[in-house]
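Hello,

I am handing over the structure we talked about, so that you can look through it yourself. Please open it alongside this message.

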Amino acid sequence: MSKILIVEDEAAIRRVLSKILSEEDKSYEIEEACNGEEAIEKIKKIDFDLILCDIKMPKKDGLEVLLETKELKPETRVVMISGHGDLDTAVQAMKLGAFDYISKPPDLNRLLNTVRNSLETKDKNLFETKIEKKETKKKQSLDFHMIGESEPIKKIKEMIDKVAPTDVRVLITGANGSGKELVARALHLGSERASFPMIEVNCAAIPSELIESELFGHIKGSFTSAVKDRIGKFEAADKGTIFLDEIGDMSLSAQAKVLRALQEKRITKVGSEKDIPVDVRVIAATNKDLKTEIAQGRFREDLYHRLAVILIEVPSLNDRRDDIPLLIEYFNNKISEEQGISVKKFNQKAISLLQKYNWTGNIRELRNVVERLIILGGKEITENDVKNFGGKE
């Protein structure tokens, strides 16, 4: 049972964070504080596992709360909540011992991943002890919800087990929805960098003209909208891991700078001439055939060879149909808990029919179908339920 303190002067944000965490895991014990002084009083009396702390607050700001927490309860994880203009301060807080930072407004997946990771790695010795009870030293952290016992998944788990403890760069390939991010997260959690953040960058979601600023930061006045200095993702990930998702969509200009960062372990902010040393492990992922992209001049071959020291190909769900019953069971339990309803039984004919479908959307699509069946189906999910509500022809 984890104890979490939310420190935020805006009541609406406190309520949202509390609601999200309560719905994610009903075992969380959540306390709230409306300012830094109230937070410190609670921290003195209660041993919290995690503190989510706003940066700008009356009476005591987030940095003061962080520093006092580290003195009072050094094992407590602190995650900073930063507004758009607080990013530099958030990175400063990480250098002072914060576990990570979350930008406002909080992205749901980012928030929940950060909370899970901070709680999972709170005490490394206890973490390892817990893992050893689950059969092997690193099995639990490296699986990271990688559900399945098919041969393709067994091979990936074995690869992760070998590669995760190293700092070697990894390129993860596979179709959308196949689980590339889970592999990246497992690699990070199994490394010596697990107590530092894993910063995710979706290269496909960032406009090409902004990708360099996003990755490397910028200085005030370097372009029209650069109204103040900004920390980039590489610098924010210092000592941890940066995950470059959909790197095949990155511009050639940004690729050249990423290549330099890998070669020299230094970055330069947009508009600056000053080099900044960075210590990050780089994991990249793509759903594209990068060799084809190279042949067509859209991806740098030298960057490919820098990234693909280890290549992990995540199979599509159609290539691991034996795992579908296990995945259905996992999603059935998880979704039922999220919805606050009893777990439903999937009969064998329903499962067999789902195993025959063409899963173009992979695991993500399967989860959606299972959720729809749980909501719309009867007490027992039958073959007819699958035909009626499965969303397949």
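Below is what was found, taken topic by topic.

This is a predicted model, in which local features need pLDDT of at least 70 and side-chain atom pairs count only at pLDDT 80 or more, while totals for chains, interfaces and linings use all residues. Residues are numbered from 1 along each chain as its sequence is written, and side-chain values use heavy atoms, with hydrogens and water left out.

I begin with the cores. A nonpolar core is a set of buried Ala, Val, Leu, Ile, Met, Phe, Trp, Tyr and Cys residues joined through side-chain atoms within 4.5 Å, where buried means under 20% relative accessible area, exposed over 50%, and partly exposed in between (1.4 Å probe, protein chains only). The largest nonpolar core has 32 residues, and those with the most contacts inside it are Leu215, Phe234, Leu244 and Val258. Among the elements that give two or more residues to this core are strand 7 (198-202), helix 10 (211-216) and helix 12 (252-264); helices (H or I, at least four residues) and strands (E, at least two) are DSSP runs, numbered from the N terminus. Helix 12 provides the largest share of this core, five residues. A second, separate core of 24 residues includes Leu5, Ala39, Met57 and Ala236.

Helix 17 has 15 residues and reaches 21 Å from its first C-alpha to its last, close to the 21 Å expected at 1.5 Å a residue, the expected span being 1.5 Å times one less than the number of residues. Its buried residues include Asn362, Ile363 and Glu365.

Arg320 lies in the loop between strand 14 (310-313) and helix 15 (324-339), and Arg320 is buried, with a relative accessible area of 4%.

Finally, how many disulfides are there? With a disulfide taken as a pair of cysteine sulfur atoms within 2.5 Å, the count comes to zero. The sulfur of Cys34, for example, is 12 Å from the closest cysteine sulfur, in Cys53, and so is too far for a bond. Cys34 is partly exposed, with a relative accessible area of 31%, whereas Cys203 is buried, at 2%.

Best wishes
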